[in-house]
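Please examine the sequence and the structure shown below. The report that follows describes the fold, selected side-chain pairs and a pocket.

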Amino acid sequence: MEKASFALKHYFFERAELNLENVQDSESLSLNFTPNGEYLQKDGLFFLSFVFSAKRETDKKPVITVLCKGVFQFKSPLMFEEIPEHFFSNTIAILFPYIRAFVSTLTVQANVAPIMLPTMNLTSLSPLLKTRTIVKK
């Protein structure tokens with residue numbers, strides 16, 4: 001079996017903000033996902049900053065914001081143009097379950113109705129991630 005061309009080295013949550021003031025259990029929230037990348041070409045390292053936020057539908061005040069960072073390592077360094085398209089969607093898909101679990105755990109520990117994110121197809125974010133990636137030679 002051929003070894004994968006890239007792997008998740010590690011991830012961590014750099015920031016988490018929770019504001020449950022005046023939030024009703026049945027209130028609808030709008031969800032937002034914002035990916036940003038940084039690629040260190042000579043080292044074959046890709047840093048993904050993935051922000052999740054949920055805002056109240058009524059007044060757009062943020063309820064929760066989470067910044068998760070993941071570090072991915074290529075088996076061998078590639079030029080940015082050589083990175084396959086599926087890489088960008090896969091990095092998001094790899095980090096999303098960690099964000100999902102963190103958000104539900106954080107809200108459960110706050111002793112309120114938990115925010116349970118559904119399983120989601122976030123492949124539409126991959127072109128955004130690619131355009132929002134800074135390449136450092």
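Is E85 buried or exposed? E85 is exposed, because its relative accessible area is 52%; the term exposed means over 50% relative accessible area, buried means under 20%, and partly exposed lies in between (1.4 Å probe, protein chains only).

This is a predicted model, in which local features need pLDDT of at least 70 and side-chain atom pairs count only at pLDDT 80 or more, while totals for chains, interfaces and linings use all residues. Residues are numbered from 1 along each chain as its sequence is written, and side-chain values use heavy atoms, with hydrogens and water left out.

## Overall fold

The chain has two helices and five strands. Helices (H or I, at least four residues) and strands (E, at least two) are DSSP runs, numbered from the N terminus. Along the sequence, these elements follow the pattern β-β-β-β-α-α-β. Along the principal axes, the C-alpha atoms fill a box of roughly 50 × 30 × 25 Å. Of the 137 residues in the chain, 36% are buried. A contact means heavy atoms within 4.5 Å. Among contacts between residues at least 6 apart in sequence, 72% join residues at least 24 apart.

## Salt bridges

A salt bridge is a side-chain nitrogen of Lys or Arg within 4 Å of a carboxyl oxygen of Asp or Glu. The structure holds seven of these bridges, including those in the table.

| Salt bridge | N to O distance |
|---|---|
| K42 and D43 | 3.9 Å |
| R56 and D59 | 3.3 Å |
| K130 and E85 | 2.4 Å |

What does the bridge between K130 and E85 tie together? K130 lies in helix α2 (residues 126–131) and E85 in helix α1, so the pair ties together parts that are 45 residues apart in sequence. K130 is partly exposed, because its relative accessible area is 28%.

The other two bridges in the table can be described in the same terms. K42 counts as exposed because its relative accessibility is 61%, whereas D43 is partly exposed, with a relative accessible area of 34%.

## Aromatic pairs

A pair of aromatic rings is described by the distance of the centres and the angle of the planes. Rings of Phe, Tyr and Trp (its six-membered ring) pair if their centres lie within 6.5 Å; planes under 30 degrees apart count as stacked, over 60 as edge-to-face and the rest as tilted. The structure holds 18 aromatic pairs. One of them is the tilted pair of Y39 and F80, with 6.3 Å from centre to centre and 45 degrees between the planes. This pair links distant parts of the chain, 41 residues apart: Y39 is in strand β2 (residues 29–40), and F80 is in the loop between β4 (62–74) and α1 (85–109). Both Y39 and F80 are buried.

Why is the pair of F46 and F88 edge-to-face? The ring centres of F46 and F88 are 6.1 Å apart and their planes stand at 80 degrees, so the pair is edge-to-face. F46 in strand β3 (residues 45–56) and F88 in helix α1 are 42 residues apart, and their pair links distant parts of the chain. F46 is buried, with a relative accessible area of 0%, and F88 counts as buried at 0% relative accessibility. Ring pairs link F6, Y39, F46, F72, F74, F80, F87 and F88 into a cluster.

## Two individual residues

S49 lies in strand β3. S49 is buried because its relative accessible area is 19%. Not counting residues up to four places away in sequence, S49 touches T34, P35, N36, L67, C68 and K69.

Y98 is placed in helix α1 and is partly exposed, with a relative accessible area of 33%. Y98 touches L8, Y11 and F13, not counting residues up to four places away in sequence. Y98 and F12 are 86 residues apart in sequence, and 9.3 Å separates them in space, C-alpha to C-alpha.

## The largest pocket

On a 1 Å grid over the protein atoms alone, a pocket is an open set of points where a 1.4 Å probe fits, with protein on both sides within 12 Å along at least five of seven lines; lining residues have an atom within 4 Å of a point. The largest pocket holds about 180 Å³ of space. Its lining consists of L20, V23, Q24, D25, E27, L29, V63, V112, A113, P114 and I115.

Technical notes
Points joined across faces, edges and corners; volume = space filled by probe spheres on them.
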